[in-house]
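Biologist: I am new to this structure. Please take me through one part of it closely.

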Amino acid sequence: MVMVMAAMEKGIIMTRIEARRLGLAFGLTGALLYLGCVLVMTVMGKAQTIIFFNSLLHGIDVAPIIRMNVPFLETGMGLVQTFIISWLVGASIASIYNLGLKTNSSSTEEED
């Protein structure tokens, strides 16, 4: 917090976010969450898994859609797809943020 305040006093604005790095952070986080779900489903039985996800999703009943016997290949594909989607979300956030920096810096230059 002290570093942020010192930077603000010097007039330093936020720097660009590297889209690939933020994408990787989001992708790995999504993959870890996916693996956490796999672990919950592997360790707990069907009834406990349903209770866990129902409480996690604020009471939405997941019993009709939950499958406990998911093939290994399907689990692997889900992991890869989750990583890709999460990577795209992180990269998009960074790109949109960086576009805002360009807009702000160009409008600041016009005012000077």
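Is T75 buried or exposed, and what is its relative accessible area?

Modeller: Keep in mind that this is a predicted model. T75 has a relative accessible area of 19%. The cut-off for buried is under 20%, so T75 counts as buried. T75 belongs to helix α4, which spans residues 72-111. Setting aside residues up to four places away in sequence, T75 touches Y34, V38 and V70.

At 39% relative accessibility, E74 is partly exposed. Its side chain forms a salt bridge with R67, with N and O 2.4 Å apart. R67 is partly exposed too, at 40%. The count of salt bridges is two. E18 and R21 form another, where the closest N and O atoms are 3.7 Å apart. R21 is exposed, with a relative accessible area of 62%.

Next, the helix pair. Helix α2 covers residues 19-43 and helix α3 covers residues 46-56. Their axes come within 8 Å and cross at roughly 145°. From α2, the residues in contact are C37, V40 and M41; from α3, they are T49, F52 and F53. Five of these residues are nonpolar, one is polar and none is charged.

Two of those names return in a wider setting. V40 and F53 are part of the largest nonpolar core, along with I50, V62 and I66. In soluble globular proteins, nonpolar side chains tend to be buried together. I66 also has contacts beyond its neighbours within four places in sequence: M41, K46, T49, I50 and F53.

Notes: Residues numbered from 1 in each chain as written. Predicted model: local features only at pLDDT ≥ 70, side-chain atom pairs only at ≥ 80, totals over all residues. Heavy atoms only, no water. Axes fitted to C-alpha atoms, helices over the stretch in contact; angles between N-to-C directions. Helix = DSSP H or I, 4+ residues; strand = E, 2+ residues; numbered from the N terminus. Contact = heavy atoms within 4.5 Å. Nonpolar A, V, L, I, M, F, W, Y, C, P; charged D, E, K, R; others polar. Core = buried A, V, L, I, M, F, W, Y, C linked by side-chain atoms within 4.5 Å. Buried < 20%, exposed > 50% of the residue type's maximum accessible area, 1.4 Å probe, protein only. Salt bridge = Lys/Arg side-chain N within 4 Å of Asp/Glu carboxyl O.
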